Amino acid sequence: MQVVKTEEAVGMVLGHDITEIVPGKFKGVAFKKGHVIQEEDIERLLRIGKEHIYIFELKEDELHEDEAAIALGKLICGEGVLFTDPKEGKINIIAKQKGLLKINRDLLDDVNDLGDICLATIHGNRLIDEDELIGGCRVIPLIIKSEKIESVKSILQEKGPIFKVKPFKPLNAALIVTGSEVYKGRIEDKFGPVIEKKLKKFDTEIFYKTIVPDELDQIKEAVIQCKDMGAELIVVTGGMSVDPDDKTPGAIKATGASIVSYGTPVLPGAMLLYAYLEGIPIFGLPGCVMFSDTTAFDILLPRVIAGEKIVRRDITRMGYGGQCLKCEICTFPNCHFGKY
C-alpha cells in the first residue's frame, strides 16, 4: 500500500476500513476496505479527518474485485440474461425476460474449479420470469490475478456462455379430449380447463378442441385432422393406462408419429407419452395431470414451448428429481421436482 493525498485518490482502491463517528448519531464503517474512491467521497473523507489515506497499488496483472466481477458477468451471461452492478466483488445474475432458463452445468463446474471465484445458481431447464434471480457471482479475494479471468474466458470461448434464457414461442395448440363418458355427456370435461390454464402460462392458446370416444380410429383421425389444421402442438388427454378400453397410445402411434417415449421415470406422470408427427410435438396425458399440481407434463412443457427438440435421453434423465413430494403448499418450480 502507499499513502496519497485524499484529493488525489479518486479511482484508487482503499486499503483499509475507515470509521466515521457522528456523536449521538452514528459510529461505524463509512468506507470499507477495497472501496473504489469516487469524486463524491472526497468531501466526506475530509470531514472524517482523512487528509491522507492508504490505497492499494494494483499491478498490471491484477484486477480489483469489482472490475473482475464485471468482466466475469460479461463472459458468463448470454441471451436473455443480465448482471447487476458489482458490490464488494459480487454481481447478481438476473433474467432479462420470461423464458426457459438454461445453465451449462459442466461449464459452471469448470469455472468454480478454478478457485477465487464463487458462482452459485438455481436449477435450470425451468420457467423463469423477467427480473427473477438466477444466481450470483463473487470474486473471493479483494485483488485477483487477471490470468484467472483469462482462464474463464478460455473455458467459455467455444462453449459459453453459462447462462441464457430462451424466449417462449407461443404455439397454436389443439386439444383432443378422449373418453366415451365425456363424449356421451355423462360427465363434464374437467381435463380441458386444466390444460388450457397450463398453456396460458406460456401465452399458448388452444385454437381447436374436440371430444372423441375411446375408439382408436376416431382418436387417430382427430390427431391427423389437428395436424392438417395447422396445429403446432397437439395434446391428447386420457386413455393412457393399460386398461383394454384405453386406446390413446395406439391411436397416436397409428398416425405414423415417432414415439419418443411412452412412460417417464416421473411420479406423478409415469404414463405420459411424448411423440412427433411430422415435426409437431404430441403429448398423450394420463389422468394424473388433471388432479396433480405438478407432473411430468409440467417439466417437459416449458422446453417444448421454447422450441427444444426432446429426445429419449432427456426423458430418461428426469428420474433424478422426478419424485414429487406433493407439498401442502406447492412452490414449483422453486423446488427439487424436475431438476436434473
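Helices (H or I, at least four residues) and strands (E, at least two) are DSSP runs, numbered from the N terminus. The model shown in these views is predicted, with local features needing pLDDT of at least 70 and side-chain atom pairs counting only at pLDDT 80 or more, while totals for chains, interfaces and linings use all residues. Residues are numbered from 1 along each chain as its sequence is written, and side-chain values use heavy atoms, with hydrogens and water left out.

View A. On a 1 Å grid over the protein atoms alone, a pocket is an open set of points where a 1.4 Å probe fits, with protein on both sides within 12 Å along at least five of seven lines, and lining residues have an atom within 4 Å of a point. Among the 23 lining residues, Ile103, Asn104, Arg105, Gly124 and Tyr340 lie closest to the pocket centre. Two or more lining residues come from each of strand S9 (99-103), helix H3 (105-112) and strand S14 (163-166), and H3 gives the most, with 3 residues. By residue class, the lining of this largest pocket comprises 8 nonpolar, 7 polar and 8 charged residues (Ala, Val, Leu, Ile, Met, Phe, Trp, Tyr, Cys and Pro count as nonpolar, Asp, Glu, Lys and Arg as charged, and the others, Gly among them, as polar).

**View B. The second largest pocket has a volume of about 460 Å³.** Of its 25 lining residues, those closest to the centre are Lys201, Asp293, Thr294, Asp298 and Phe332. Elements giving two or more residues to this lining are strand S11 (126-128) and helices H6 (191-200), H9 (288-291) and H10 (296-305), and H10 supplies the largest share, 4 residues. The lining of the second largest pocket divides into 12 nonpolar, 4 polar and 9 charged residues.

**View C. Helix H2 (residues 65-76) and helix H4 (residues 146-159) have axes that come within 10 Å and cross at roughly 0 degrees.** H2 is therefore roughly parallel to H4 (angles under 35 degrees count as such). Ala68, Ala71, Leu72, Leu75 and Ile76 of H2 make the contact with Ile149, Val152, Lys153 and Leu156 of H4 (heavy atoms within 4.5 Å). The residues of this H2 contact with H4 are 8 nonpolar, no polar and 1 charged.

**View D. An open sheet of 4 strands runs in the order S7-S8-S12-S10 with antiparallel pairing.** Strands S7 (81-83) and S10 (117-121) are the edge strands, each pairing on one side only (a pair needs at least two DSSP bridges). S7 is joined to strand S8 (residues 90-95) by 3 bridges, and Val81 has Ala95 in S8 as its bridge partner.

Methods: Points joined across faces, edges and corners; volume = space filled by probe spheres on them. Axes fitted to C-alpha atoms, helices over the stretch in contact; angles between N-to-C directions. Parallel < 35°, antiparallel > 145°, perpendicular 65-115°, else oblique.
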